[in-house]
Amino acid sequence: MHGRCNLACRYCYLYEGPDRTWRTRPAAAAPAVLNRTADRIAEHAAAHGLRDVALVLHGGEPLLAGAARLAAFTDRVRGLLPDGCTLHTTAQTNATLLTDTRAATLARHGIRIGISLDGGLAAHNTQRTDHAGRPSWPAASRGARLLADRHPDAYAGILTVVDPRTDPVELYESLLALRPPALDLLLPHGNWTNPPPGLAAAQTAPTKPGPGRPTPYGDWLTTVFDRWWQAGRRETRIRLFEECIALLLGLPAATESLGLDPVNAIVVETDGTIEQVDSLKSAYDTAAATGLDIFRHTFDDALHHPGVAARQAGADALAATCRACPLLTVCGGGHYAHRYRAENGFTNPSVYCADLDRLVRHIAGRLSDATAGAHR
């Protein structure tokens, strides 16, 4: 919806990463782009008999486009969808521009609001500053509390990028204080060529699955899992944990971070360019490019693009190391962007291989203990 952001987070994979395509694109999507995108979404839903469509209004900061424009676009897409197809819309915001009027507008038009934060305290958000270096936390925390207090039905949850330098229990409980119905705990977008903080660069990707490197992210996540698991009640949903449990039980799950389900998302940029998911931009400049646009191409054309097709291929697209791993159906090779290595592309295990091994085995152990206890 908008290709710029009112914040300048120091770790941002989009504006501080290797990709530079955003610099030459218009700041906001023009009406012609939005109208054509709505047409393409409806066309795709009809062609495939879809019963549900997920629409994420993203950026940059989508509220820079204005709440009214987000609402109007959502209404147009909903109005064009075939009968029996339900639209599920979310706007992902840093919450600094949230006001009661804007939140009410989005809620009235059936748009749920997701918030991106690094934690529930000012100390957790020191890297999330505006372009003048001023902290975003005062405005962001006001926005989050406003949403929880005034518009809880429109509150989708909080997205947080894991930082192993923080106290995991403190951070988790600080987020609980903001009353999110769900949390997304995401690993930073790093890879073998540009490893994430706390993981040293390796000469080669691993040739066998499992441990062999430090697991700061796995250790952090298992600590939060135990706090969440042992609470005695579900204080909030944590998508990563719930998806892992589902996969361990042989149930379907839908997340980019785990499992073998094919990717089912595509991005339309502000100029109408069709791209792969924007997390790929953390790998190298133009990594998400397809050469397609919504004026000349359909979303079926995007499905046939080699990069998208590779992410529809399941285990066949994974490195031999991953295909031989006993955790394959749960881990699924990890997030696609985290497999990148400049020498050989994406046919590697995740840079978080050891961390994911630690987390999945830990959750499996807790699940096994609970199952055994239930049968005593």
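View 1. Beyond its neighbours within four places in sequence, Leu-221 is in contact with Val-162, Leu-185, Leu-187, Leu-240, Phe-241 and Leu-359 (contact means heavy atoms within 4.5 Å). This is a predicted model, in which local features need pLDDT of at least 70 and side-chain atom pairs pLDDT 80 or more, while totals for chains, interfaces and linings use all residues. Residues are numbered from 1 along each chain as its sequence is written, and side-chain values use heavy atoms, without hydrogens or water. Leu-221 also belongs, with Leu-70, Ile-115 and Phe-241, to the members that touch the most others in the largest nonpolar core, which has 78 residues. Such a core is a set of buried Ala, Val, Leu, Ile, Met, Phe, Trp, Tyr and Cys residues joined through side-chain atoms within 4.5 Å.

**View 2. A salt bridge between Arg-150 and Asp-100.** Here the two side chains meet at 3.4 Å, N to O (a salt bridge is a side-chain nitrogen of Lys or Arg within 4 Å of a carboxyl oxygen of Asp or Glu). Arg-150 is exposed at 53% relative accessibility, whereas Asp-100 is partly exposed at 28% (buried is under 20% relative accessible area, exposed over 50%, partly exposed in between, with a 1.4 Å probe and protein chains only).

**View 3. Lys-281 and its salt-bridge partners.** Lys-281 meets Glu-269 at 2.5 Å, N to O. Lys-281 is buried at 2% relative accessibility, and Glu-269 is buried at 15%. Glu-275 also forms a salt bridge with Lys-281, with the closest N and O atoms 3.2 Å apart. Shared partners join Arg-25, Glu-269, Asp-271, Glu-275 and Lys-281 into one network.
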